[in-house]
Amino acid sequence: MSQAVEYEKLGEIAILATNNPPVNALGIDVRNGLWAGIERAESEGARAVLIYGEGRTFFAGADIREFGKPPQDPLLPALCDRIEASPLLVIAALHGTALGGGLEIALSCHYRIAVPSAKVGLPEVNLGILPGAGGTQRLPRLTGARAALDMITTGRHIPAPEALELGVLDRVLDGDPRQIGLEFATELLQSNAPRRPICELPAPEGIDFDAAYDTALRKGRGQLSPAVAVRAVQAACEAKSFADGLARERQLFHDLLASDQRKGLIHAFFAERAVSKLPELKDIAPRDLHQIGVIGGGTMGAGIATSVLLAGLSVTLIEMSQDAVHAARDRIAANLSGAVKRGKLSQKEHDEILSNRLGLATEYSALGTADLVIEAVFEDMDVKKQVFSQLDDVCKSGAVLATNTSYLDINEIAQATRRPGDVIGLHFFSPAHVMKLLEIVVADQTTLDVVATGFALGRRLRKVSVRAGVCDGFIGNRILNTYRTCADHMVLDGASPYQIDNALTEFGFAMGPFAVSDLAGLDIGWAARKRKRAAGFDSGVRDSSYADKLCEAGHFGQKTGKGYYIYEPGKRGGVPNPDVMPLIEADRVAQDLTPRVFSDKEIVRRYMVAMVNEAAKVVGEGIAHRPLDVDVVLLYGYGFPRFWGGPLKWADIQGLPQILSDIRRWSQEDPYFWKPAPLLEELVAKGGCFEDLNT
Ligand code: T1G
């Protein structure tokens, strides 16, 4: 009997208790244990079997780490069929999250009971696959095709009371899973309840599956698994037999298992969990975090304060004047009202936060007791230095001094204090109370416990925190600057901003680079270009003026209703601004450039290769310690399509040698922009890939 599954017999009931921390994943030991347990119960004359999980949850699914490895029998589908076919009454008692293969095991049982806080779901589409152990065939027989499709194509975790209503569960009862399971099993035996194998239920009524398929494809924006899962549920309704439906599910499951999207999505699953695990922080305790200070109540400052308040901490926000204090309070109140509207906060909590946990002041002395202070003032080095020297004077010893700068040199800011070891970058993304990404920027003298404190804050704020080193733009903005420049170059050479945006949304981005610029505000790029021009461009940099002309005309994008697109109030998205192409054509003429035709394929390739090349430089220079850090930054901060796993996972899937040869070919036309990253050359030379550097 495997160690992972404990067997016990109480009267007529055999009990199979699984203990495979952290989430009772259905790895080979668990599968063997369950199979052997069923057989033993049958051989020892039990009348019923109770299956439940020890620890924090029922089975949270197949063991994802086994994907891509040689399969080991018994496989999950066979185990589910074995459980369902048992002549004994099999009952599952659920708590925590019964997900994927975990719910499929429960569906192969004859009765299901759960504690009220339990959740059930089939989230396989989020891993680029579909439920492959009968979930697409058994669930619709209980809930009907429409409800099953909603669960399977969204991957939603359904609370137990709703699952009871849907017919997935037979009973919801408070208590310990083992106890409520035993009571339910006893009651079923006493009432001679029949076995109820779901496979014997009639096929559910069909719906318009072609329409459901198209909807899933459209919503997936290039991700295939939800749409393919529709075809599996269709088989549950249309197949001649349950076995035929299972076979169809299996075939579709294997198609997706072999797909690049599965590799990308599973990489994203583990990468987003690995980014906060830094070997250098093992055994390093973070400093205490109770009272947080925020300097500056503009959009970013107010968003950061909101994020901190929503995490249950107290905030003291400093602004220059009473008017600015009131404006900051209004912004925070508006953010919190938004959370009330989204059901994330009750009105009572809203009021309690504003009256008890938000302090507002104009004097820095109000920060004397703060454990950590986040500065979010105007992006100017002199202003930042002045703020940090004041913080140095007023903050208690041991306070962490953080800056939200998105590109300035944090080493230089730290030098404005007598405690550079306490200075760190906490780079939030706008809107800070919504965006999950937090770049934790470690300066040369930042101490490890201050880094640990940054990650501790990130956990409290439910952020995905990624460590970054100091350079212009850290990880995300530095790489953005490169692929954005590549887009500008393609425009000068003949592509239109609209063709580029379409090609990249087809590739899977929520928005193309020009629509993103309109959203962020064209004035930000304009200010950056002016700053760089003032500093003097390197020779070889290609400059363009069409974007400046748009700004000089007062068109800053969505905030002015006009940019690359024209936006009508109340309407989603914009229509191309007819003034843009003439500006671009004039720029080409002025630079004596002959436009050429770009295919969508070439546009995506150049854009992605530019991103990968700069990302390889960022890893090569140690700004990002691992390629997965870059992938997670782009996934959570820059709308990178999750099913590709991130730019460096995409690169590994595409193949590094071809990427390097593209760069070398394009460097003949633009040797300044297309310089191959040394790390990329090194990896290609030794036949390696970025994944090798993720361990
Ligand atoms: N396999 C292996 N490891 C897993 C795992 C799994 N299914 N689920 C979680 N872990 C690890 C995770 O990597 C982390 O490890 C630790 O457990 C805690 O997780 C045929 C084929 C259950 C809601 O998609 O959604 O069944 O980082 O940090 O925030 O149809 O984990 O500590 O080393 O996420 O409390 C379907 C995936 C599989 C569920 C808990 N199941 N897991 O969230 O903790 S496919 C899923 C989750 C399948 C069949 C198919 C969440 C969670 P480490 P955590 P959490």
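Analyst: Helix axes here are lines fitted to C-alpha atoms over the stretch in contact, and their angles run from 0 to 180 degrees between N-to-C directions. The model is predicted, so local features need pLDDT of at least 70 and side-chain atom pairs pLDDT 80 or more, while totals for chains, interfaces and linings use all residues. Residues are numbered from 1 along each chain as its sequence is written, and side-chain values use heavy atoms, without hydrogens or water.

The axes of helix 24 (residues 600–620) and helix 27 (residues 656–666) come within 10 Å and cross at roughly 100 degrees, where helices are DSSP runs of H or I with at least four residues and strands are E runs of at least two, numbered from the N terminus. Helix 24 is therefore roughly perpendicular to helix 27 (65 to 115 degrees; under 35 is roughly parallel, over 145 roughly antiparallel, the rest oblique). In this contact (heavy atoms within 4.5 Å), helix 24 supplies Arg605, Arg606, Val609, Val612 and Asn613, and helix 27 supplies Gln658, Ile659, Asp662, Ile663 and Trp666. By class, the contact residues are 5 nonpolar, 2 polar and 3 charged (Ala, Val, Leu, Ile, Met, Phe, Trp, Tyr, Cys and Pro are nonpolar, Asp, Glu, Lys and Arg charged, and the others, including Gly, polar).

Helix 25 (residues 627–637) and helix 26 (residues 647–654) form another pair, with axes that come within 7 Å and cross at roughly 115 degrees. Here Pro627, Val630, Asp631 and Leu634 of helix 25 meet Pro647, Leu648 and Lys649 of helix 26, a set with 5 nonpolar, no polar and 2 charged residues.

For helix 19 (residues 497–507) and helix 20 (residues 513–520), the axes are 7 Å apart and the packing angle is about 100 degrees, which means that helix 19 is roughly perpendicular to helix 20. Pro497, Ile500, Asp501 and Leu504 of helix 19 make this contact with Pro513, Phe514 and Ala515 of helix 20, and the residues divide into 6 nonpolar, no polar and 1 charged.

Aspartate 73 and proline 74 are joined by a cis peptide bond with omega about -5 degrees, and proline 74 sits in the loop between strand 3 (48–53) and helix 2 (76–85). The bond from serine 430 to proline 431 is also cis, with omega near -5 degrees, and proline 431 belongs to the loop between strand 15 (423–428) and strand 16 (437–442). Phenylalanine 474, although not a glycine, has a positive phi of about 50 degrees; this residue is in the loop between strand 17 (464–469) and helix 18 (476–492).
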